[in-house]
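Open the model in a viewer and keep the selection panel at hand.

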Amino acid sequence: MSLLTDDQKMLQETAANFLAEEGGIARQLRHWRDISCKDGFGHGLWKQFAELGLTGICIPETHGGMGLGVTEAALVLEEIGRNLTPSPFLASGVAAANSIEGTQHADRWYPGILSGEAVLSLAVDEGPRHSPSRTALEAKRQGNGFMLNGSKQFVVQGGSADMIITAARTAGSPGDTDGITLFAVAKDAPGLGIESAALVDSSKAARLTFSNVALDADAVIGDVDAGWQRLKRALAAGSAGASAELVGVASGASAMTLDYLRQRKQFGKLIGEFQSLQHRAAHLYSEIEIARAAAFKAAELIDSDDDRAELYVSVAKAKAADVANLAVREGVQMHGGIGMTDEHDIGLFMKREAVLAELFGDVYYHRERVAALSGY
């Protein structure tokens, strides 16, 4: 990107060097996958994120963070995608950090995020598709607090989280944006059931069941019945971050494929000399650049509280998911038979793309949002 500030370029370079050395595929993804790690990521690496200050990118300076924004987080997430680094950065350092900002829960949990000691997750979805306004998990008033009953699924790092930010319904009906409240639920809360599941890219998610989970009033994040705006901002930050990570996945897969085209010979020629493959590589390059521009524009609009942010976030997520899918399919196909084996890393990019494309809403959800926000 040519319009980055000097500080942003320094951050990007730091993240790129760190993740290429410490967060690479063999050292992290394959290692934790092959030993069947229950978390799917290394807590040691998360603490290294903290030592570099990366966990505090979205945390205000008043709480000891860097006081930056989603744009700077996106720079790190693109490098995470390029290296397929398993990490709770998106869930904890971006989505969760944004959802508790300005509340007493920030005082409680920001220090843990900053030190790399705490992992937070966001529990929103209840059905097979992303639909936050359809929240049905019931939170009934009981005494000085609330009683939660219902379920959540596809809670990324839900089994590893020290605290789960949970969207529940305190008023209204599924489909209403009014009446949604966010709660801070501890991992050991009585009545909370956690079933961990490995996703196709070896990352971990969880299905949660809430059976008479009793919370006091202090567990409310923000205001009762008015959690939608806070949730929407957290989901926007998460979607923009996932878009940037998808761009990184596309870039990483493309770079690996181009290297292969420069080395593999067929019929006595490097396959990269075949014009048909050159055309496909050039098309992919242009598509990745468009997706990158969309992702960072969305992040910048979030940081500037622009009214267009919601629209651009959905444009970015839909475009980045499309382009990453193109990149990984082209990569596997151009690698030929070896691209279908686990021994080669190109297939791992396809698996990560499949998970990220669903996170915070798939391409169809965001296309529909673009249409609706555009008046169609």
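A residue counts as buried when its relative accessible area is under 20%. This is a predicted model, and the tour applies that cut-off to it.

Start by selecting strand β1, residues 120–123. L120 and L122 point to one side of β1, while S121 and A123 point the other way. All four are buried. In a regular strand the side chains alternate between the two faces of the sheet.

For one point along it, show M163 in β4, which stands opposite L120.

Keep L120 selected and move to the largest nonpolar core, which has 91 residues. Along with L120, select F49, V76, F89 and I165: these five touch the most other members. Then colour helix α7, residues 228–263, which supplies the largest share of this core, 14 residues.

Now centre on F49. Leaving out residues up to four places away in sequence, F49 touches F18, L19, L54, T55, V76, I80, S87 and F89.

Last, select the cysteines C37 and C58. Are they buried or exposed? C37 is buried because its relative accessible area is 12%, and C58 is buried as well, at 8%. How many disulfides does the structure hold? The count is 0.

Key. Residues numbered from 1 in each chain as written. Predicted model: local features only at pLDDT ≥ 70, side-chain atom pairs only at ≥ 80, totals over all residues. Heavy atoms only, no water. Disulfide = S-S within 2.5 Å. Buried < 20%, exposed > 50% of the residue type's maximum accessible area, 1.4 Å probe, protein only. Core = buried A, V, L, I, M, F, W, Y, C linked by side-chain atoms within 4.5 Å. Helix = DSSP H or I, 4+ residues; strand = E, 2+ residues; numbered from the N terminus. Contact = heavy atoms within 4.5 Å. Pairing = 2+ DSSP bridges.
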